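Let's take a friendly walk through a protein chain and look at how its parts sit together. Have the structure open while you read.

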Amino acid sequence: VQLQASGGGLVQAGGSLQLSCAASGRTFSNYLMGWFRQAPGKEREFVAAIDWSGGTTYYEDSVKGQFTVSRDNAVNTVYLQMNSLKSEDTAVYYCAARDWRRWGTRVLSDIATYQYWGQGTQVTVSS
C-alpha cells in the first residue's frame, strides 16, 4: 500500500484542518488505518485509528472530542478532522496502515504493527 498524506499547513489556535491520506496499491478495506504525530524532539505518538469498515474509531485521550477520523473506502482515503487546534498539536502527522486480518484492534498505538506509512504532513498551530 502506498500512502500519500496531505492537508497540513499553518493555522491559528482555535482553527481547524482536515488531513487526508490517499491509499493505492492494495485492497484498502483490508487495512485498519491510523494517524500518528511527531512533534519536534518527541517520539511519534498515536493519535487515532479507524477499523476497516469505518464503523469503529479509536482516539488517544488528549484528542477525544477534538479530532475525528473517518474513511471512504470508495475512494481509498482516510481523513482526520482536527478542530479547536492548540499549539501543542503542532507536529508532523503521519497516516499508517496495517492488515486488519492480522492485528484486529490490538495494540493500536504500537508503531511496529503498522506495515505502511505515508510521508507525513506538517501541521503548525500558531498561538
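This is a predicted model: local features need pLDDT of at least 70, side-chain atom pairs count only at pLDDT 80 or more; totals for chains, interfaces and linings use all residues.

A charge counts as sitting over a ring if NZ of Lys or CZ of Arg is within 6 Å of the ring centre and within 35 degrees of the ring normal.

| Charged residue | Ring | Distance from ring centre |
|---|---|---|
| Arg-98 | Tyr-114 | 5.1 Å |
| Arg-44 | Trp-117 | 5.0 Å |

Residues are numbered from 1 along each chain as its sequence is written. Local features need pLDDT of at least 70, side-chain atom pairs count only at pLDDT 80 or more, totals for chains, interfaces and linings use all residues, and side-chain values use heavy atoms, with hydrogens and water left out.

Next, the rings themselves. A pair of aromatic rings is described by the distance of the centres and the angle of the planes. Here, rings of Phe, Tyr and Trp (its six-membered ring) pair if their centres lie within 6.5 Å; planes under 30 degrees apart count as stacked, over 60 as edge-to-face and the rest as tilted. This rule gives 6 aromatic pairs. In one of them, Phe-36 and Tyr-114 have ring centres 5.0 Å apart and planes at 80°, so the pair is edge-to-face. Phe-36 belongs to strand β4 (residues 31-38) and Tyr-114 to the loop between α1 (100-103) and β10 (116-117), so their pairing ties together parts 78 residues apart in sequence. Helices (H or I, at least four residues) and strands (E, at least two) are DSSP runs, numbered from the N terminus.

Are Phe-36 and Tyr-114 buried or exposed? Both are buried, meaning under 20% relative accessible area, while exposed is over 50% and partly exposed in between (1.4 Å probe, protein chains only). Ring pairs also link Phe-36, Phe-46, Tyr-94, Tyr-114 and Trp-117 into a cluster.

Now for the nonpolar cores: sets of buried Ala, Val, Leu, Ile, Met, Phe, Trp, Tyr and Cys residues joined through side-chain atoms within 4.5 Å. The largest has 30 residues, of which Met-33, Trp-35, Leu-80, Met-82 and Tyr-93 touch the most other members. Apart from that core lies another of 7 residues, including Leu-32, Phe-36, Phe-46 and Ala-49.

Finally, the whole chain. It has 1 helix and 11 strands, and 45% of its 127 residues count as buried. Along its principal axes, the C-alpha trace spans about 40 × 25 × 25 Å.
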